[in-house]
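Have a go before you read on.

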Amino acid sequence: RRSGIQCEVIFLVTSDEELLRRFAETRRKHPMSGHNVDLREAMALERQLLEPIVYAADLVIDTSKMGVHALRDIIHERVEQRSIGRLSITFESFGFKHGIPGDADFVFDARSLPNP
């Protein structure tokens, strides 16, 4: 925004209880948890660090009671409102074992990046 590029910030939030459930379900480690930091502390630290972005966001979506399809619909509806002729970027996660999405113009392999 400071550079004059017009953009929209969409920030996703969820309750601590739901986040704990999701971490337990996926059995993934929080990127900020470590030897002396448990999951709840890591979540609190993350919220504190991201707080300025929440206040700068154009849209904050609480996903606590929302499924992936409802979230997809909200994001899709928001992106569809763009004017014709304006650049719109859609990020899509997929599994290589199922093949690359047929409608993709560009595909970037991010498997080497740490998974949060």
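**Exercise 1.** Work out which residues T63 is in contact with, leaving aside its neighbours within four places in sequence.

*Solution.* Start with the cut-off: contact means heavy atoms within 4.5 Å. Leaving out the neighbours within four places, you get L12, V13, T14, R22 and L71 as the partners of T63. Helices here are DSSP runs of H or I with at least four residues, strands are runs of E with at least two, and both are numbered from the N terminus. Last, check the cover: T63 has a relative accessible area of 8%, so it is buried. The classes are buried under 20% relative accessible area, exposed over 50%, and partly exposed in between, with a 1.4 Å probe and protein chains only.

Before going on, note that this is a predicted model, where local features need pLDDT of at least 70 and side-chain atom pairs count only at pLDDT 80 or more, while totals for chains, interfaces and linings use all residues. Residues are numbered from 1 along each chain as its sequence is written, and side-chain values use heavy atoms, with hydrogens and water left out.

**Exercise 2.** Find the salt-bridge partners of E18 and say where they lie.

*Solution.* A salt bridge needs a side-chain nitrogen of Lys or Arg within 4 Å of a carboxyl oxygen of Asp or Glu.

- Step 1: E18 pairs with R21, with the closest N and O atoms 2.5 Å apart. The two are three residues apart in helix α1 (residues 16-26), so about one helical turn separates them.
- Step 2: E18 also pairs with R22, at 2.9 Å from N to O. These two are four residues apart in helix α1, again about one turn.
- Step 3: compare the cover. E18 is buried at 13% relative accessible area, whereas R21 is partly exposed at 40%. R22 is partly exposed too, at 25%.
- Step 4: join things up. Salt bridges with shared partners link E18, R21, R22 and E25 into one network.

**Exercise 3.** How many salt bridges does the structure hold, and what is the fold pattern along the sequence?

*Solution.* The structure holds five salt bridges. One of them joins D73 and R72, at 3.5 Å from N to O, and D73 is partly exposed at 43%. For the pattern, take the three helices and two strands and read them along the sequence: β-α-α-β-α. Of the 116 residues, 13% count as buried.
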